[in-house]
Amino acid sequence: AKSCVRRANTRPCGGAGAGVRPRLGWGLAEREKQRVGNRNRNRNRCWAEREEKKGTSTSTENEGGRGGTSEERQAGGGGSFDPSLRTKAPRRKAESTDAIATALTRRFGLAGGLAWVGVLAFGVVSEQVKTRLEVASEKQNTVEIKDAKVVTTASGLSYQDIKVGGGQYPKRGDLVVVQYTASFNGELYEDTKSKSRGGIAFVFESRPLPSGITPGFEEALSTMKTGGKRVVQVPPSLGFGSETTFIESKLKQETVQIPENSKLTYEIELSRVSIPPS
């Protein structure tokens, strides 16, 4: 009778669960599974927060291939740990404005980079020496002239040299530095030396012309060498023309009105000719 009762309790008749013995400890196994899942989710969250603090994030391409962001994978990943979240922070690369120095440093180490620095330093020093030699040569070859003859060009421009320079002629696109005085009908209206010892600088044969500079001024400058000085008479056709012109005079600190068809007189000194900065 006891055997029949035992079989009746453990093997119920009919139903989907007929003949199945209840599993002991099911609650403990389920809790253990939840604990492991929570631990993995916390680990994923910690890795994500650490990467955010480092300023890195998973790329959009990786997110699309793995089905969403790291938070979505943590929430819907079934509690499994995702090793792909262990993204390494990008290594910082040494940046250099000199590609040659960078290549030499990578190939030969610090010695290669220092060797290239030495080459650059030698180039800078040699350029400075060359510049000083050119300046010395210009000063040495500059000659003052007394009672020079007046030269008149085909355009009607006339000039008389006071000093013949020993440097180079200005070319189109060169940066020129000049000192000059300007007057019309015997009235002085500009003198660059009164306000600046260095003079004014402009790109030769560039347009528009700087204020106060006329086509006749440039024509006279084109046949001068660095260090030269001359007096130039500019006809109206190469000056401001047949219209009244207003010039901001640095000498008088006011606007000067130059009448139409005025003949201009310049005293020009070419101080420097160089390649303009890029």
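**Core, rings and surface of a predicted model**

Visitor: Which residues touch the most other members of the largest nonpolar core?

Guide: This is a predicted model, where local features need pLDDT of at least 70, side-chain atom pairs count only at pLDDT 80 or more, and totals for chains, interfaces and linings use all residues. Residues are numbered from 1 along each chain as its sequence is written, and side-chain values use heavy atoms, with hydrogens and water left out. A nonpolar core is a set of buried Ala, Val, Leu, Ile, Met, Phe, Trp, Tyr and Cys residues joined through side-chain atoms within 4.5 Å; buried means under 20% relative accessible area, exposed over 50%, partly exposed in between (1.4 Å probe, protein chains only). The largest such core has 28 residues, and those touching the most other members are Tyr180, Tyr189, Phe217, Leu221, Tyr266 and Ile268.

Visitor: Which elements each supply at least two residues of this core?

Guide: Helices (H or I, at least four residues) and strands (E, at least two) are DSSP runs, numbered from the N terminus. At least two core residues come from each of β4, β6, α7, β7, β9 (254-258) and β10.

Visitor: What do the buried residues of α7 pack against?

Guide: Helix α7 spans residues 215-222, and its buried residues are Gly216, Phe217, Glu218, Ala220 and Leu221. Contact means heavy atoms within 4.5 Å. Ile268 touches Phe217, Ala220 and Leu221, among others. The buried residues of α7 pack against β4 (175-184), β6, β7 (229-234) and β10 (264-274).

Visitor: How many aromatic pairs does the structure hold?

Guide: Rings of Phe, Tyr and Trp (its six-membered ring) pair if their centres lie within 6.5 Å; planes under 30 degrees apart count as stacked, over 60 as edge-to-face and the rest as tilted. By that rule, the number of aromatic pairs is four.

Visitor: How many residues apart are Tyr180 and Tyr266?

Guide: These two rings make an edge-to-face pair, 6.0 Å centre to centre, with 70 degrees between the planes. Tyr180 lies in strand β4 and Tyr266 in strand β10, so the pair links distant parts of the chain, at a separation of 86 residues.

Visitor: What is the angle between the planes of Phe184 and Tyr189?

Guide: Phe184 and Tyr189 are both buried. Their rings form a tilted pair, 5.7 Å centre to centre, and the angle between the planes is 50 degrees.

Visitor: Is Ser196 buried or partly exposed?

Guide: Ser196 sits in the loop between β5 (187-191) and β6 (200-203). Because its relative accessibility is 29%, Ser196 counts as partly exposed.

Technical notes
Lists of a residue's contacts leave out its neighbours within four places in sequence.
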